[in-house]
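Trainee: Could you walk me through the reading of this structure, beginning with the ligand and ending with a single residue?

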Amino acid sequence: MIPEQRIHDLNEAGLADHEFRLRYLTDLLSRRTLDVQGVIQQLVDFQVAIPSWALGTGGTRFGRYPLGGEPRCLEEKIEDVGLLNQLNGSSNSISLHIPWDIPRDIPALQQLLQEQKLVIDSVNSNTFQDQKDQHYSYKFGSLSHTDQAVRQQAIEHNLECIRHGEALGAKTLTVWLADGSNFPGQQHLRRAYLRTADSLASIYEGMPSDWTMLIEYKPYEPHFYSMVIPDWGTSYSLCQQLGKQAQVLVDLGHHLPNTNIEQIVGRLLQFGRLGGFHFNGSMYGDDDLTTGSIKPYQLFLIFNELVDGARDQAVTNAAVAYMIDASHNTKDPLEDLLQSIQNILTSYAKALLVDREALQEAQENNDVVRAEELLRDAFQTDVRPLVAEAYRHSGGVLDPIAAYRAEGIREKLIQQRGKLSLSTGL
Ligand code: PSV
Ligand code: MN
């Protein structure tokens, strides 16, 4: 942890500039009768979970270039998330992937979480890899497998994930299935769906009544002909059959090029089935770039739907669980996470600036240009002072990446954990 005095000192250098820029923006927005303090408070309240598997360098199938100082165990991962949260106050929870990060010493972990001011967000099951001690292989599927014994093994794994989560106070199970087929004819498409629905029902029955099951979809990869849960419609239909505790999870990278993701978000909000969000950036495929680095306008439009839904009395969707699901090969993963959060908060802040009354009026009057200009006006506003102020309000620093570098955090982690430390995960 960075001492509080040091956080104060790190902020001192940029404070005068920051206050100048914030004052200008506040004046400007107040003229439009915007409640700037309210916007800052909403940014302070926004929290995005960090997955335990994003703290080490992610690789491609061609190679991985570890940076050194990577967390070697769950405890060190928690410390890294605690550090990120100290810098920006926006990531107060950690998601666990089982079995990459099985919690062992529960009392010690609980204490550590408390010290780091963190909670456990979701537990994520893994039936997309075979583990050493596993009896049956998932090569041809898990919850959708033709063999009941394989399905049962995958069901039990999910129930075990729930038990691990319960021990640490989590209340969400995320299920992403890699099940699918690589060649036409390999799998009976309808029967694979029915088997999956049946397996999910067994997990759902074993879930505590205050838990939520998030069902994630993905159009391709690791299978290239068909995925059993390829799209939001399939996730949604499964949730409908399971019951109220099942919700759809939208992962930004899990869409084919040019999919209108914001419309999917709007639909799910309308149906009260948007449960979770995995942020990442997608240039060609899944999670190949940092969140918001390539399509910031799209990220803004997604937040525009979220904010619009949150303000609409007719929308009764429960709180959405946000998480970053990305890990890159050529960046320091902690810097990448700080950048992602910056881009997420920036998009959220811009969405909060949209003049919704004027937008509705333009929409009702079919004034296409006015409606679009209202969105563009919010999108083009430089909201960085609002985001920086939100960091400061939460006890963090005005510029997290600059502070991370000034503190020489990676160098210190390398000293503590070594140059060759490798993190579990992707
Ligand atoms: C799959 O691509 C995914 O998005 C799922 O959320 C997994 O749990 C995660 O990435 C990590 O592999
Ligand atoms: Mn995901």
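This is a predicted model: local features need pLDDT of at least 70, side-chain atom pairs count only at pLDDT 80 or more; totals for chains, interfaces and linings use all residues.

Mentor: Residues are numbered from 1 along each chain as its sequence is written, and chains are lettered from A and ligands numbered from 1 in the order in which they are written.

Trainee: What is the order of the strands in the open sheet?

Mentor: Strands are DSSP runs of E, at least two residues long, and helices are runs of H or I of at least four, both numbered from the N terminus; two strands pair if DSSP finds at least two bridges between them. Here the eight strands run β1-β2-β3-β4-β6-β8-β9-β10, with parallel pairing, and the edge strands, each pairing on one side only, are β1 (50-51) and β10 (321-324). Between β8 (residues 246-251) and β9 (residues 274-279) there are four bridges in the parallel sense, and D251 stands opposite H278 in β9.

Trainee: Is G165 buried or exposed?

Mentor: A residue is buried if 20 or more other C-beta atoms, placed from the backbone, lie within 10 Å of its own, exposed if 12 or fewer, and partly exposed in between. G165, in helix α5 (residues 148-167), is buried because 24 other C-beta atoms lie within 10 Å.
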